[in-house]
Amino acid sequence: MASPDITEMLEKSKELDRLRKEQEEVLLEINKMHKKLQNTPEAVEKPGDNSLSKLKMLYTQAKELSESEMSISNQLLGQLDAMIPAGGAGQQRRRIGNEQKKKRMKGDPDIPRLSPSMRNQQEFFASLKGEQVAARVAQEDGEKDEWVIVKVTHYDKESKEFEVLDEEPGDDEEGGGQRKYKLPWSHIIPFPKMSDLATAPEFPPGKQVLAVYPGTTALYKATVVQARKRKSDDYTLEFDDDEEDGSLPQRMVPCNQVVALPDGHRQ
């Protein structure tokens with residue numbers, strides 16, 4: 001009899017198959033709309049024509065399916081990492097304490113959204129060169145996950161690895177310079193893009209998330225206290241291990257710096 005973990009992984013694999021089939025259907029509809037617009041571009045100027053609205057809806061649907069596919073893929077990879085014995089492919093990360101949070105002062109980066117379809121995934125990853133993303137970086141002697149904002153410098157299609165640069169100078173004991181990493185795509189988390197917040201995920205009060213700690217370039221586990229405010233597009237969060245005077249302070253974080261908490265996150 002299969003273990004609960006294996007059974008859950010098989011169910012997620014079935015969900016991936018379903019999502020891919022739906023993506024193929026949506027892409028087929030998108031191609032049909034493209035051909036229609038190429039053959040009769042004047043149609044969009046006619047009163048009552050909804051071709052562009054329909055095309056936007058299809059692209060939104062394709063993006064949501066792609067993000068769901070990536071989320072499930074990351075969950076499966078996290079489960080596999082947890083099941084592989086120590087010393088294998090799974091890696092351990094070191095915790096960043098409160099003092100280190102305060103040392104990583106940010107330069108107000110513009111964080112893009114990572115939302116490729118499976119078919120164009122390699123090309124999309126390659127196009128991220130020069131962009132800033134959230135990444136899980138590993139420390140050999142650590143036991144916790146460390147998520148930071150990095151800049152993509154290269155994507156190797158053969159090894160399927162990102163070469164990224166942590167632009168924030170390290171502490172003196174770490175060399176004090178910018179650090180470089182090679183990471184698989186499963187260590188990259190997409191952020192909502194400020195220009196497309198209408199499709200950003202919604203996190204209700206009580207939901208645990210991963211978010212950029214204010215004033216830093218590091219991400220930590222937090223709990224949503226107040227849902228996203230439409231006027232400011234901010235969440236009110238309480239970060240774990242952020243206790244002050246016996247209580248957790250509530251901090252405002254822009255919604256484009258808040259993502260779903262990865263399965264198996266360690267902090």
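Leu210 stands opposite Val259 in E10. That strand, E10, covers residues 258–260 and runs antiparallel to E6, with 3 bridges joining the two. Leu210 also stands opposite Lys221 in E7. Here too the strands run antiparallel, and 5 bridges join E6 to E7. The model is predicted, so keep its confidence values in mind; they come up below.

E6 and E7 form a hairpin. Between them lie 5 residues. Gly215 sits in the turn, with a positive phi of about 80 degrees. E6 itself is mostly covered, with 4 of its 5 residues buried.

The largest nonpolar core has 32 residues. Phe162, Leu237, Phe239 and Val258 have the most contacts inside it. Seven strands each supply at least two residues of this core: E1 (132–137), E2 (146–156), E3 (161–166), E4 (179–184), E6 (208–212), E7 (218–226) and E8 (234–239). In soluble globular proteins, nonpolar side chains tend to be buried together.

Which residues does Leu237 touch, leaving aside its neighbours within four places in sequence? Val209 and Ala211 are among them.

Leu165 has Lys180 in E4 as its bridge partner. E4 has two faces. Arg179, Tyr181 and Leu183 make up the covered one. Lys180, Lys182 and Pro184 make up the uncovered one.

An unreviewed UniProt entry places a "coiled-coil region" at residues 9–40. In the model, this span is 97% helix and 0% strand. Its end C-alpha atoms lie 46 Å apart.

How confident is the prediction, and where does it fall lowest among the elements? The protein chain averages a pLDDT of 77, and 77% of the residues score at least 70. E8 has the highest mean among the elements, at 95. Helix H3, residues 98–103, has the lowest, at 52. Over residues 86–96 the pLDDT is below 50, yet this stretch has 41 contacts in the model beyond near neighbours in sequence. Residues 107–116 also stay under 50, and the model has 41 contacts for them beyond four places in sequence.

Technical notes
Residues are numbered from 1 along each chain as its sequence is written. Side-chain values use heavy atoms; hydrogens and water are left out. A nonpolar core is a set of buried Ala, Val, Leu, Ile, Met, Phe, Trp, Tyr and Cys residues joined through side-chain atoms within 4.5 Å. Buried means under 20% relative accessible area, exposed over 50%, partly exposed in between (1.4 Å probe, protein chains only). Contact means heavy atoms within 4.5 Å. UniProt positions are given in the numbering used here, feature names are shortened, and annotations may be inferred rather than shown by experiment. Two strands pair if DSSP finds at least two bridges between them. pLDDT is the predictor's confidence in each residue, from 0 to 100.
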